[in-house]
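Please open the structure in a viewer and follow the stops below in order.

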Amino acid sequence: VSLPAVQASALTSDLGYRSLKQYLLEWTGLAFYADKDDQLGEKIAKRLAALQLSSCAAYLNLLRDGAAGESELDELISDLTIGETHFFRFEEHFQALRRTIIPELIRRNAARRQIRIWSAGCSFGAEPYSLTVMLQREFASELAGWDVSVIGTDINRQFLARARQACFGEWALRGVDRHLREVCFEPSPLGHRLRDVYREGTSFQYHNLVKHPYPSLLYNLAAFDLILCRNVLIYFSRETIDQCAARFFSALVEGGWLLVGHAEMNPESFRAFRAVDLCGAMVFQRPPGDAPADPGAASTLAFTPAPLPPPEPPPLSWLPGPPPPPSPAATPGDTPATTTARIRELADRAAWTEAGQLCRTLIEADRLNPLGHFYQALVLEQMGQLREADVALNRVIYLDRSFVLAHYHRGLLLQKIEDLAGAARAFRNVLDLLTALEPDTMLAEGDGISASALRELAQMQLEVLEER
Ligand SMILES: C[S@@+](CC[C@H](N)C(=O)[O-])C[C@H]1O[C@@H](n2cnc3c(N)ncnc32)[C@H](O)[C@@H]1O
């Protein structure tokens, strides 16, 4: 029996509308809709009609209902978010990148031969791919043999799926001249498809800038040299922008760069940064020194180490080699929790060598504690030593099979080394282990991630693997 569609105007006077609206604005950060009840009401009314629900309260109950709620939230978010984007958007930024920022990063990172870039709110991929195309075409010789990664994140899963397909229509290509089109794209039934070579090093992942943690080793969102978050913050409230600015600051290495849209240049929110005028665009740089306090830290970034179950004895032949050199950051009497906090701090600054030394200190202090091996794996991964990282993760799992984040990281790692079947197994292990946990359980070493959020991530990774 199909119920009559609820009119948008009637819907906004529904008693449950205010709570539903508050929930949606808090979840997405889209304060843009605060004074647009007609638009918001219309989008909600469409979903109510599709689901044959007759009230906002019933719809809110559904959104809060575990996996079904999450998938409905995705449906609604795909309608609420605005994905307007195109290649080489805002030419001044690309001039600033090619003339100053990228050459400066190449000089600064010459020793570690690595550049990490984050396109936050990447929509269906034109922004991260523009960066990859520019790097490949204009800096290929300087960056030969470097580990360059461009990570695109978004809250809209449909955009992310399109980004992974890398097929674009005319509108998204309006900033690309004919020559570049011919070199970089090939015709496909879905539009102009970016050739594989210009996609290398680019990856996409689900991430909500308002709800999910960053910097975060778990999400691989830390120690960036460059972050672009353009035309995303305009939809957020001033308070949310301040929180994002503080988190971007911490997710950058010292000297790292942040580019926001030119309509988002609110100097107050970005006062911790150095503002630099480059090629007619104002960009921000993280100066040396500590990160300022994060205004929203208590709500999403709380780090709660949980006690680990007693481990099985591992083979004693592990960890050959000399004892670790004393680390300048290690202080006698440190507890594992303070040491891991320090490892995270060092990792946030891309100080991989020092972080690695501290991991060895932790392992030497207690070889049976999976924590040291876990952090060592994360650090090795960031240093590009993927096989060694896998060995370390295997040790963690041997010591504690229920260390769910070790399985998750192993999945990511195996994906990188193209062992797709192994990666899928690892993500399925994550889902199995999570069935024993309440959705709200906060996971140890998870940057404040809950069991339900990790399940969502693991499911998404499995979907990505199925697409390949
Ligand atoms: C207008 S597009 C900008 C795309 C690209 N950065 C550019 O400038 O061309 C805004 C993007 O921000 C994403 N977005 C909105 N709220 C978000 C949130 N809370 N977390 C992550 N992404 C979000 C939207 O899904 C959309 O893809």
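**A tour by selection**

Begin with Arg113, which counts as partly exposed because its relative accessibility is 39% (buried means under 20% relative accessible area, exposed over 50%, partly exposed in between, with a 1.4 Å probe and protein chains only). This is a predicted model in which local features need pLDDT of at least 70 and side-chain atom pairs count only at pLDDT 80 or more, while totals for chains, interfaces and linings use all residues. Residues are numbered from 1 along each chain as its sequence is written, and side-chain values use heavy atoms, with hydrogens and water left out.

Arg113 lies in the loop between α6 (91-108) and β1 (helices, H or I of at least four residues, and strands, E of at least two, are DSSP runs numbered from the N terminus). Its phi is positive, near 45°, although the residue is not glycine.

Next, select the loop between β6 and β7 (224-229), where Pro215 is found. A cis peptide bond, with omega about 0°, joins Tyr214 and Pro215. Ala223 is also placed in the loop between β6 and β7; this non-glycine residue has a positive phi of about 55°. Is Ala223 buried or exposed? With 0% relative accessibility, Ala223 counts as buried.

Finally, select Phe168. Which residues does Phe168 touch, not counting those up to four places away in sequence? Among them are Phe87, Tyr129, Phe185 and His192, where contact means heavy atoms within 4.5 Å.
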